[in-house]
Amino acid sequence: MVLPMWWRKLVLTLHVTSSVGFVGAVAAFLALAVAGLVTDGPLASAAYPSMQIVTWWVIVPLAASTLLIGVLQSIGTPWGLVRYYWVIIKLALTLLALAVLMLQTQSVDMLAQAALGGTLTEHASTRFSMVLHGTGGIVVLLIATVLSVYKPRGMTRHGARAISAERMSAT
Amino acid sequence: MPLRMKLVDTYCLDIETECLDKYGHRLRGDETMTVTKNKAGEMPRWVKVFIGIGVAALAVVAFAVLSGHGPWQHMGMGGMH
């Protein structure tokens, strides 16, 4: 099922917007996580509730839309979802990022509550964990971006069979 | 070596649909070679490197979880130390 060109451009626009926005939102998350870790007082108390808002209102919707639109885009073009290794690895990285993100939302909620309750100093390891996971998220998303741009070679067996079948049906 | 001889083994010449990129543009020259140089089903080296890094990362996470540094350590009472 290959989408018409007009739809493909629309889906591509949505995918680039959501995925680049995802990277930017995680960068903002990381900045807040660093600010919350290295400072104390009002700035740290403000950082974690802000992180909670950025996470739930921006990062989670962008992560979900990146995944859904990416899958739609791949099955709607000749690239397919499992025809090329770079597409499979990019899908795996996005799924990993989304899974880790959803696990981290509990910690983000907890830190926001702790900031409002004035008990942030009891959560040093969690605050460091936010910086660690934010950095890891940026790295994973940048790798996915590089794969999208360079599209390294490599076709799967399934891809070769599918394309051979398409060729046979076309002739 | 004539260009046709160089490209004859690639999937682009062999299979028409391989010549399209994700935007529907036809690939040419180096671009075609980059996408289609390997034989079908043969896993490229870069994929093996990625898989190796992934397995190593999983091993580190498994070790962390088994040694009591799992994600739950940062939640609830686990974060109180």
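**Nonpolar patch**

I started with the nonpolar patch on this predicted model. Helix 2 of chain A, residues 42–75, supplies the largest share of the patch, with four residues. I listed the members: A:I53, A:W56, A:W57, A:V58 and A:M102. Together they have about 510 Å² of accessible area on the surface.

I then picked out one member, A:V58, which sits in helix 2 of chain A. Its relative accessibility is 33%, so I logged A:V58 as partly exposed. The limits for that class are 20% and 50%.

**A:T55**

Next I looked up A:T55, also in helix 2 of chain A. Is A:T55 buried or exposed? A:T55 is buried, because its relative accessibility is 1%. The cut-off for buried is under 20%.

**The start of the chain**

I moved to A:M1, in the segment before helix 1 of chain A. Helix 1 covers 5–38. I logged A:M1 as exposed, because its relative accessibility is 69%.

Which residues does A:M1 touch, not counting those up to four places away in sequence? I noted A:I75, A:G76 and A:T77.

**Whole chain**

I finished with chain A as a whole. How many helices and strands does chain A have? I counted five helices and zero strands. Along the sequence the pattern reads α-α-α-α-α.

I checked the dimensions of chain A. The C-alpha trace spans about 70 × 30 × 25 Å along its principal axes. The radius of gyration of chain A is 20 Å, whereas a compact globule of 171 residues would have one near 16 Å.

I looked at contacts in chain A with a separation of 6 or more. Of these, 77% are between residues 24 or more positions apart.

Last, I took burial and surface. In chain A, 48% of the 171 residues count as buried. A:T55 counts as buried as well. The accessible surface of chain A is about 8400 Å². Carbon and sulfur atoms hold 75% of that surface.

Definitions and conventions. Residues numbered from 1 in each chain as written. Chains lettered and ligands numbered in written order. Predicted model: local features only at pLDDT ≥ 70, side-chain atom pairs only at ≥ 80, totals over all residues. Heavy atoms only, no water. Patch = residues over 30% accessible without salt bridge, like charges linked within 9 Å, V, L, I, M, F, W, Y side chains within 5 Å. Areas by Shrake-Rupley, 256 points an atom, 1.4 Å probe, with all protein chains shown as cover. Salt bridge = Lys/Arg side-chain N within 4 Å of Asp/Glu carboxyl O. Helix = DSSP H or I, 4+ residues; strand = E, 2+ residues; numbered from the N terminus. Buried < 20%, exposed > 50% of the residue type's maximum accessible area, 1.4 Å probe, protein only. Rg over C-alpha atoms; globule rule 2.2 N^0.38 Å. Contact = heavy atoms within 4.5 Å.
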